[in-house]
Each structure stands twice: as C-alpha cells, then as structure tokens.
Amino acid sequence: MATCLMLAGLATGPFAAAEGLPGAPDGLEVAGVRFEGRQQLGDRTLVLNGVGVRSKMYIRIYAMGLYLAHPAGEAQAVVAPGEAHRIVLVLLRDVDAQRMSDGLAHAMLEDLPAPLVAALRERVVQLAQDLRDHGDVKRGDVMWLDYQPTVGTRVSIGGTQVGPVIPGEDFNAAMLGMWLGDHAPDDKLRAALLGRARP
C-alpha cells in the first residue's frame, strides 16, 4: 500500500517532535502510527499541524493527521478560502462500509442550518454511496481527504481514488466541521489537530 505513513515499531517515543506545535515538520507519532512531517499535494508542500485519535466508547477507531500549507491554531484559519489541506486517517480497527458511510453522512450534515443541508445533501449522499461501493475498511488502511481550492475534495483509500472529485468550498468546510467545528463531538481530538494539546 503506497503511503508516507509508517505503522508502529518506531525507535522514537510518542510525541518526540511535539514540542514544535503548531506545525510539526519532524513528524509525530500517535497510537503506534507515525505521521511524516511534510507531504506534497499538487504544487503545495503541506506541514503536519497536529495528530489525534478518534475514539468512541473507549474504542479507538482511527488515528488522524492534519496537514496544512501554513500552521494554524484556529479552525477558522484552516477553512480559509484558497487554503489547501490534507487529512490522513489510519484505521485502528475494521469498519464495515455501511457503518462508515452512514456515520460520515450523519456527521457532515448534523447541526448545519437547513439551507446548507439542502445545498450539500446530494454531494454527501454521493460520497456515502462511493464509500459503500468501495467496501469495508480494515485495520491499517489509510484514507486521504485532500482539498485543493481550484479542484475540490478528493477521497482516496490505500492510494486509490474513491468516487469523483467533489466540488465546493461549502463541502470542504462541512467535512472539516466533523472534527474542527463548534459542535465537533471530540474536543480532545479537535485541540490535538489544531496543535493545542497532545492527544
């Protein structure tokens, strides 16, 4: 599987490079997953802003890294127009396709005003279908969520694109809102991705 991430077995301890946050060009490790400090997205070099773990009912679901063109400690700066970014998710357990797609669709549209839900619904439903068509994800699988302002949002799993590129700054903002929004369900993860805390 083509990826810039190395799983477990590292000589350095967790958060050996964390003192430089926000922005960790030397990389960070969390939950046995090493996130490299820099990644390339098109013509942009992105720097690791923060890492965290999404857990539910004490079960770890995935490790996550947020890559930005410019380190940011505030969510508003991450969703600023014209800013490219990459989210990397490394699965820490098996997740079936139906649960993953339903969970994503619900999380993206939850707490949004009705007009925005109406504007996003078709694109969110299409992404959910694309994820179901891809199939189950397994422990160790890597998902990329790449946003380029002139392109849109590209979702890939294991280096293979899932569905078409999804246009719209509104879609990108709703996706980021799942982790960075005011109503994001995991405050600890939000703080870690913004470089404010260790997960």
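Strand β6 and helix α4 each give at least two residues to the lining of the largest cavity in this structure. Please keep in mind that the model is predicted. Here is a short tour, from that cavity out to the sheet and the helix around it.

**The cavity**

- By the rule used here, there is one cavity of 30 Å³ or more.
- The space inside the largest cavity comes to about 30 Å³.
- Its lining is made up of Met64, Leu66, Ile87, Leu176, Trp179, Leu180 and Leu193.
- Helix α4 provides the largest share of that lining, with three residues.
- What kinds of residues form the lining: nonpolar, polar or charged? Seven are nonpolar, while no polar and no charged residues take part.

**The sheet**

- Seven strands form an open sheet in the order β4-β5-β6-β7-β8-β9-β10, and their pairing is antiparallel.
- Strands β4 (38-41) and β10 (160-161) are at the edges with a single partner strand each, so one side of each has no neighbour in the sheet.
- Further in, β7 (residues 85-91) meets β8 (residues 142-148) in an antiparallel pair held over six bridges.
- Isoleucine 87 has leucine 145 of β8 as its bridge partner, and Ile87 also belongs to the cavity lining.

**The helix across the sheet**

- Which strands does helix α4 lie across? Helix α4 (residues 169-180) lies across β6 (59-68), β7, β8 and β9 (152-157).
- Relative to β7, helix α4 runs at about 45°.

Terms used: Residues are numbered from 1 along each chain as its sequence is written. This is a predicted model: local features need pLDDT of at least 70, side-chain atom pairs count only at pLDDT 80 or more; totals for chains, interfaces and linings use all residues. Side-chain values use heavy atoms; hydrogens and water are left out. Two strands pair if DSSP finds at least two bridges between them. Helices (H or I, at least four residues) and strands (E, at least two) are DSSP runs, numbered from the N terminus. Contact means heavy atoms within 4.5 Å. Axes are lines fitted to C-alpha atoms, for helices over the stretch in contact, and angles run from 0 to 180 degrees between N-to-C directions. On a 1 Å grid over the protein atoms alone, a cavity is a set of points where a 1.4 Å probe fits but cannot get out, and a pocket is an open set with protein on both sides within 12 Å along at least five of seven lines; lining residues have an atom within 4 Å of a point. Grid points are joined across faces, edges and corners, and a volume is the space filled by probe spheres set on the points. Ala, Val, Leu, Ile, Met, Phe, Trp, Tyr, Cys and Pro count as nonpolar, Asp, Glu, Lys and Arg as charged, and the others, Gly among them, as polar.
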